[in-house]
Amino acid sequence: TGTEAINAMLVISLTPLAIFVAAFLIDRDRPDARRLAALAVSLAGVAIIAARGDPAALLGLRLNPSDGIILLAVFGWGVYSVLLRRIPPGTFSPLALLTITVLFGLAVLLPSWLAEVTFTGTTPRADLPTALAVLYAALAASIGAYLCWNGGVALIGAAASGPFLHLQPAFGTVLAMLLLGEVPQLFHGAGFALVLAGVALAGRAPARR
């Protein structure tokens with residue numbers, strides 16, 4: 001069975017925490033209080049947006065097996081982000097590193113896709129909307145996003161980059177307003193403000209001693 005949208009949003013929003021855990025397990029890197037506070041603040045903003053300002057929606061959450069699959073992917077992303085810093089500068093160009101990542105991803109996903117086609121008979125539709133969706137996923141959500149993420153991690157590190165991922169539901173909400181006619185509400189502003197505050201706190205330079 002699939003996961004609910006609110007479950008998926010909240011589980012994916014644990015990615016910065018997964019980066020902290022991966023950094024500790026791989027490099028024994030402990031996050032400081034400022035980064036933990038940034039994570040807590042931005043995650044609170046995501047929770048407000050996901051629950052649409054209704055605390056009862058969070059209290060009524062129920063986990064299902066699909067949430068475990070997403071959580072595994074989240075931890076995998078945390079490990080990937082931490083290992084990026086271990087690649088010596090100049091070893092790969094940004095496009096070469098992206099190509100290696102894509103090929104590895106295809107090797108992992110291809111068997112599950114073939115199994116889905118074999119057992120369910122589900123095949124992609126050959127029409128213009130599908131082609132445009134694939135083109136967007138390839139150029140923007142894959143090539144563009146990965147190049148930006150890899151470059152950002154190289155500049156400020158995985159832990160500092162993590163809270164920026166919480167901008168995804170915030171930007172998604174803005175796009176829903178612009179493209180789908182969703183009406184802005186007070187909880188949108190509150191959640192967006194908390195996400196921006198968390199990102200700003202994470203991006204601040206550590207205080208000098």
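Leu98 is found in helix α6, which covers residues 94-120. Before selecting anything, note that this is a predicted model, in which local features need pLDDT of at least 70, side-chain atom pairs count only at pLDDT 80 or more, and totals for chains, interfaces and linings use all residues. Residues are numbered from 1 along each chain as its sequence is written, and side-chain values use heavy atoms, with hydrogens and water left out.

## Stop 1: Leu98

Select Leu98 in α6. Leu98 is buried, with a relative accessible area of 5%. Buried means under 20% relative accessible area, exposed means over 50%, and partly exposed is in between, using a 1.4 Å probe and protein chains only.

Leaving aside neighbours within four places in sequence, Leu98 is in contact with Ser142, Ile143, Tyr146 and Leu147. Contact means heavy atoms within 4.5 Å. Draw a distance from Leu98 to Ile143: the two are 45 residues apart in sequence and 7.4 Å apart in space, C-alpha to C-alpha.

## Stop 2: the whole chain

Zoom out and colour by secondary structure.

Taken along the principal axes, the C-alpha atoms fill a box of roughly 60 × 50 × 30 Å. Buried residues make up 29% of the 209 residues. Among contacts between residues at least 6 apart in sequence, 82% join residues at least 24 apart.

The chain exposes about 13200 Å², and carbon and sulfur atoms supply 73% of it. These areas come from the Shrake-Rupley method with a 1.4 Å probe.

## Stop 3

Select residues 15-27, which form helix α2. At 1.5 Å a residue, the 13 residues of α2 should span 18 Å, and the end C-alpha atoms are 17 Å apart, which agrees. The expected span of a helix is 1.5 Å times one less than its number of residues. Which residues of α2 are buried? They are Thr15, Pro16, Ala18, Ile19, Phe20, Ala22 and Ala23.

Move on to Arg28, which follows α2. Arg28 lies in the loop between α2 and α3, the latter being residues 33-50. Although Arg28 is not a glycine, its phi is positive, about 55°. Arg28 is exposed, with a relative accessible area of 55%.

## Stop 4

Select Ala50, which is in helix α3. Ala50 counts as buried at 13% relative accessibility. Ala50 and Ala73 are 23 residues apart in sequence and 20 Å apart in space, C-alpha to C-alpha.

Next, select Arg52, in the loop between α3 and α4 (55-59). Arg52 is not a glycine, yet it has a positive phi of about 55°. Arg52 is partly exposed, with a relative accessible area of 45%.

Gly53 is in the loop between α3 and α4. Gly53 is partly exposed, with a relative accessible area of 45%. Leaving aside neighbours within four places in sequence, Gly53 is in contact with Ile48 and Phe187. What separates the C-alpha atoms of Gly53 and Gly191, 138 residues apart along the chain? The distance is 8.5 Å.

## Stop 5: Pro65

Select Pro65, found in helix α5 (residues 65-84). Pro65 is exposed, with a relative accessible area of 67%.

## Stop 6: helix α9

Finish with residues 167-180, helix α9. Its 14 residues reach 19 Å from first C-alpha to last, close to the 20 Å expected at 1.5 Å a residue. Leu167, Pro169, Ala170, Thr173 and Ala176 are buried in α9. Just after α9, Gly181 takes a positive phi of about 75°.

Methods. Helix = DSSP H or I, 4+ residues; strand = E, 2+ residues; numbered from the N terminus.
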